[in-house]
Amino acid sequence: MTDNNVSYLNKTFGEFKTNLINYAKTYFPTTYNDYSEASPGVMLIEMAAYVGDVMSFYLDTQVQENFLLYAKEKENLFALSYMLGYRPKTSYAATTTIDVYQLIPASASVSPSQPDYTYALTVPENTVLTATGYGTKFLTTEKINFADGINTEITLADNNYFLLKKQVKAISAEIKSTTINFSSPQKFSIATITDSNILQILDATDTQGNRWYEVPYLAQATVFDKIANPNASTDQVPHLMQLKRVPRRYVSRFLSDGTLQLEFGAGMANKSDQTILPTPDNIRLGLVPGISSLYDNFNKASVFYTQEYGLAPSSNITVRYLIGGGLTANTNANTITTIDRSGIYFQSGINNSLANNTIKPSLAVTNPIPASGGRSGDQIEEIRNNALNAYQSQLRAVTREDYMVRALSLPSDYGSIAKVYVTQDPSRELIPTQTVAYVEERNPLSLDMYILGYNSDKTLVTASTNLKNNLVTYINQFRMVTDAVNVKDAFYINIGINFDISIRSGYNNNTIISNCILALKDFFNTERWNINQPIIISDVQSQILNVNGVQSVIKLEFTNKQGGAYSQYAYDIPGATRQGNIYPSVDPSIFEVRYPNVDIQGRVVAV
């Protein structure tokens, strides 16, 4: 029967049945010829076609589920996305900005009157806030220290008190905890946290007080560590960044049912988790030398990272994690008005009736903008597309845009990058006035990253050395090995604007001028401007003309503000104006209206 013509292309029940009947008619013409629907022979053929159809379906499905583009089962998509470097999310937290206020008494010993920072409060990170009418819990993402004077608005409440205001980001989340029991160390032990809307793990600590660190994969032996910066008040960098080696570590991954799985390492407590120094002996350990060894593959994790992928836990571990998010977490503006004061304290340690009965109760919060971004976890197509994107980038910084985004994503604990511009400078010639954080000479693939920072008033300043060093430490974990990144100072050019306008009859001069100034302040908001962006004069004129009541722009003049509280660098604005555009300098620079309340002046003139 090996010469029989058998088709292997059948996929459906009908195709299997038709081919089985044709096969029987061809090779058994005299043995069986009753092919009516009621005959026992057709019943057997249909049963065989049914089995073939089911087997064909499962074969196709199994093959399909191995490919990200075609997989449909959520469990398989989760596994494939982790393999490609994407971490699916089971919930998204809503975020908002919180205004935090406190009253502070005026100092009796200072003239003119100044706030007495002895009564300055400190609001710890993860302080609980509640949205009135929603019941949704929020957590502050950073510590608020009213005594540091950084990004603090101060207004005179009355003759005896000042009102201090700070802003902080908050997310819709609650802190929960669970204890994972480990009676004895086991290699690659796995634990599961079962809860709804898990966002992330906050921290993990064992019974001996040792902290366990979350890493992307167990072979990664280092994490970014914070060190308090003694010069935080002057250079606006709260912490210094360093790489810390952590033998106690774990990885976490979400499962398709929303549970969170933790996996620990394989090292035993009586064996140190030491980095292996690669030598010809330990790289080829266990391999028979031969000509084929030229093509051997080696596991870099076992050679360059660690021997045991971290320690295996031998005692109970308490895990704190965040839950929350979802559509219900999106709340309206001015609804987050309740704050848990239990963890709030005075930095100075003061303890009297004024502090406890007046100052501490004066602490108030509100959200000037709605909380948004909360929604359910990733859907099937979102997982598929996000995993494809993660595979393409692989957390590497490749393009100029990659480096810019990575620099701007530096966690705020290590300083704030206000502006960044990346370019390639083949000349490798340095400007004498520039401070360079990291230079690798004569590298044709080196990049120049020009940055600026913010000061406490959120105006542009030259980035401090600590900020540059933090950025270099951070960037080095993502840059290509062939690239070199030189962090340099960009320049900021301070400008003033003077304009004359005519207005339509029936409008108030002061109101129109105020509205024009507001429009220009919004247009020149530093957050909207990038390094090397020119000023298009016609766009500025349009901002003024769009103000209701303005008839025409008679004069529009740009001046350079230099010296004192402004930039130390003068700039020839008339010489930089070409065809209705004011261009920045050849050296990467940005235009800034530093003090818009005084640097933007306008008047109404008669036509």
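The protein contains 13 helices and 32 strands, where helices (H or I, at least four residues) and strands (E, at least two) are DSSP runs numbered from the N terminus. This is a predicted model, in which local features need pLDDT of at least 70 and side-chain atom pairs count only at pLDDT 80 or more, while totals for chains, interfaces and linings use all residues. Residues are numbered from 1 along each chain as its sequence is written, and side-chain values use heavy atoms, with hydrogens and water left out.

Of the 607 residues, 41% are buried; buried means under 20% relative accessible area, exposed over 50%, and partly exposed in between (1.4 Å probe, protein chains only). Among contacts (heavy atoms within 4.5 Å) with a separation of 6 or more, 75% are between residues 24 or more positions apart.

The largest nonpolar core has 40 residues, a core being a set of buried Ala, Val, Leu, Ile, Met, Phe, Trp, Tyr and Cys residues joined through side-chain atoms within 4.5 Å. Elements that give two or more residues to this core include β26 (491–503), α11 (509–523), α12 (537–545) and β28 (550–561). Ile 495, Phe 499, Ile 501, Phe 524, Ile 535 and Phe 558 have the most contacts inside the core. Leaving aside neighbours within four places in sequence, Phe 558 is in contact with residues including Ile 495, Phe 524, Ile 535, Val 540 and Ile 582.

Ile 535 belongs to strand β27 (residues 535–536) and is buried, with a relative accessible area of 1%. Not counting residues up to four places away in sequence, Ile 535 touches Trp 529, Gly 580 and Phe 591, among others. Its C-alpha atom is separated by 8.7 Å from that of Gly 580, which is 45 residues apart along the chain.

A second, separate core of 29 residues includes Leu 68, Phe 78, Ile 180 and Leu 311.

Helix α2 (residues 40–64) presents two kinds of residue. Its buried residues, among them Gly 41, Ile 45, Ala 49 and Gly 52, pack against α1 (13–27). Val 51 counts as partly exposed because its relative accessibility is 43%.

The structure holds 21 salt bridges, each a side-chain nitrogen of Lys or Arg within 4 Å of a carboxyl oxygen of Asp or Glu. In one of them, Lys 165 and Glu 153 meet at 3.9 Å, N to O. Lys 165 lies in strand β8 and Glu 153 in strand β7, so the pair ties together parts 12 residues apart in sequence. Lys 165 is buried at 17% relative accessibility, whereas Glu 153 is partly exposed at 48%.

Another salt bridge joins Asp 500 to Lys 555, with the closest N and O atoms 4.0 Å apart. Asp 500 is in strand β26 and Lys 555 in strand β28, so this pair ties together parts 55 residues apart in sequence. Asp 500 is buried, with a relative accessible area of 7%. Salt bridges that share partners join Asp 500, Lys 555, Glu 557 and Arg 603 into one network.
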